[in-house]
Amino acid sequence: TRTWLNAYGAEWRNEVQVGYENLFKTSLYQPLDVTQRFFVEPRAALSLSREDIFLDGDRIASYNFGDVGGAIDIGVNMGHRAQARVGYVYTHRTVDVDTGTPLLPEGNSDDAGIMLVTTYDSRDTAFNPTRGLAGMLEYIRSDDSLGADREFDRLEAGVGMAIPVRKDVVWATIAGGSDLGSDLPADRLFMLGGPGSFPGYELAELRASAYWSAAGSYLWKMTDIMSLRG
């Protein structure tokens, strides 16, 4: 992130990721006033991932998913903890089978429409917090009147809370998603499974048009580790 590009505190944000999902993202965060309450942020992204498809617990195919697109958001910062943004998003998606049985529709499609995102974060640190709450809600409406080939609604939200118990921490989460009865395309279904949701399943083994989940964990602090470099 390159900060303070102008007097209003504009930032040029870039992200590169290599692994399960290969990703490049770039955006220009431009506040519209000196207090940085209101902002605009144009974004562009390129991604390529290879995902496994399962049937009754058996991996039967691998697919390549490619996305090229961008968005422009207008938003408001509500203090240092909350943010809301709304904007137009466009994605050109390519789906093709790599190995196995062709279960999902292959080809190219354009998804375009309105996206609404709200976030709240009062955690003391983003990694292994000891107290605080984090929540996010995301709604996407893809509509042919806005340049899409496919029409659907996609709503997802989640809340996590860190509760200190003496020197230990209880971490509780609840999350859910729905297509609001719009019949999500097969390549836009919610993906569950793996360390982030259900560790008993393979990564993205479960795909659904709607879900809800709740989880809790107890983090036992064994000892303090001295930091070697800051």
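How do the residues of the lining of the second largest pocket divide into nonpolar, polar and charged? In this predicted model, that lining divides into 5 nonpolar, 2 polar and 5 charged residues. The second largest pocket has a volume of about 230 Å³, and its lining includes Asn-128, Pro-129, Thr-130 and Arg-131, together with Pro-164, Arg-166, Lys-167, Asp-168 and Val-169, as well as Leu-219, Trp-220 and Lys-221.

The sheet is open and has 10 strands, which follow the order β1-β2-β3-β4-β5-β6-β7-β8-β9-β12 with antiparallel pairing. Its edge strands, each of which pairs on one side only, are β1 (11–17) and β12 (210–219). On average, and with direction ignored, neighbouring strands of this sheet are turned by 15 degrees against each other.

| Strand | Partner strand | Bridges |
|---|---|---|
| β1 | β2 (residues 21–31) | 7 bridges |
| β7 (residues 132–142) | β8 (residues 152–165) | 11 bridges |
| β8 | β9 (residues 168–178) | 11 bridges |

Glu-15 stands opposite Lys-25 in β2, while Tyr-139 stands opposite Leu-155 in β8, and the bridge partner of Ala-162 in β9 is Trp-171.

The hairpin of β8 and β9 has 2 residues between the strands, and in this hairpin Arg-166 takes a positive phi near 55 degrees. Arg-166 is also one of the residues that line the second largest pocket.

Technical notes. Residues are numbered from 1 along each chain as its sequence is written. This is a predicted model: local features need pLDDT of at least 70, side-chain atom pairs count only at pLDDT 80 or more; totals for chains, interfaces and linings use all residues. Side-chain values use heavy atoms; hydrogens and water are left out. On a 1 Å grid over the protein atoms alone, a cavity is a set of points where a 1.4 Å probe fits but cannot get out, and a pocket is an open set with protein on both sides within 12 Å along at least five of seven lines; lining residues have an atom within 4 Å of a point. Grid points are joined across faces, edges and corners, and a volume is the space filled by probe spheres set on the points. Ala, Val, Leu, Ile, Met, Phe, Trp, Tyr, Cys and Pro count as nonpolar, Asp, Glu, Lys and Arg as charged, and the others, Gly among them, as polar. Two strands pair if DSSP finds at least two bridges between them. Helices (H or I, at least four residues) and strands (E, at least two) are DSSP runs, numbered from the N terminus. Axes are lines fitted to C-alpha atoms, for helices over the stretch in contact, and angles run from 0 to 180 degrees between N-to-C directions.
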